[in-house]
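Hello,

Here is the structure you asked about. My notes follow below it.

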Amino acid sequence: KRTLLPLLREETSSFIFPCNLALQRPERQYMVMELLRCIPLLLFLLFVCGLDHFIFSILSIIQHHSFIEYSYQTSHHLSVNVMGESLLAELLRSTIGALNSSVNTEVETSNFACLPKPTRLTRQQYLNTCLPLGALALLCLAQVYPFRLRRAIAAFYFPKREKTRVLFLYNKLLQQRKYFLYLQRGRVARQARQPPGPRTLLLQWCRRRWPWLRRCLRQRCTLCGKPETPQHQPCPNPDCSALYCESCW
């Protein structure tokens, strides 16, 4: 009877094993997609921080190089002298003499109140701005582990649906393995019809000439590409140099 165990190398990479702490291939693909969605937010954040620094630099230049100070000084003196000792002269001195005055004016002003007063953001403020995006990236990395519980939760509440899913997966894998073997047989047959290249002939000659070089010039499985081990099985046809790992054999 055909069974599904042990899983082939291609089949193992398409499954998620909950007890394995390492990130597996389907999880890595989903995690990369989630991280790619964070790139627009990162670019927007960098643009905002760069625009803030640019505006601060412009306003700072205006503040330091557009300062103008005005100083205004004026002096006004009025003196009326009436000569004579007559009654009219005395009358004029008493009336027009009141107009005598002396005024000194000194005014200093500047455009300091009109200049911009920019404030640079501190490192802590920049850190607080980038912290939510960093937390989002960490959640994208850590969310793969809680997602593994979805199947267990669904199986607890819907056991009949879980049984249906398991049977469907079992039949799907059997069908995929059947087509996989059919396609691999065709690929190996086409590869066998092609004449070996110079590199392949050179490696075979070196392996036959110096058997101790087999540790360095290891072949690979014809189907899955797994490096050669003592468990690999060669093709029984003496004219064929194909090599198969234990699971593929």
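Is E162 buried or exposed? E162 is buried, with a relative accessible area of 13% (buried means under 20%, exposed over 50%, partly exposed in between; 1.4 Å probe, protein chains only).

Some ground rules. This is a predicted model: local features need pLDDT of at least 70, side-chain atom pairs count only at pLDDT 80 or more, and totals for chains, interfaces and linings use all residues. Residues are numbered from 1 along each chain as its sequence is written, and side-chain values use heavy atoms, with hydrogens and water left out.

**Salt bridges**

The structure holds 5 salt bridges (a side-chain nitrogen of Lys or Arg within 4 Å of a carboxyl oxygen of Asp or Glu).

- E162 pairs with R151, with the closest N and O atoms 2.5 Å apart. The pair links E162 in helix α7 to R151 in helix α6, 11 residues apart. R151 is partly exposed, at 46% relative accessibility. Shared partners join R151, E162 and R165 into one network.
- R177 meets E11 at 2.5 Å, N to O. R177 sits in helix α7 and E11 in helix α1 (residues 9-12), 166 residues apart. R177 is buried at 13%, and E11 is buried at 8%.

Helices here are DSSP runs (H or I, at least four residues), numbered from the N terminus.

**Helix pair**

The axes of α6 (residues 149-157) and α7 (residues 159-193) come within 5 Å and cross at roughly 120°. Axes are lines fitted to C-alpha atoms over the stretch in contact, with angles from 0 to 180 degrees between N-to-C directions. Contact (heavy atoms within 4.5 Å) involves R151, A155, F156 and Y157 of α6 and P159, E162 and R165 of α7.

Best wishes

Conventions
Helix = DSSP H or I, 4+ residues; strand = E, 2+ residues; numbered from the N terminus.
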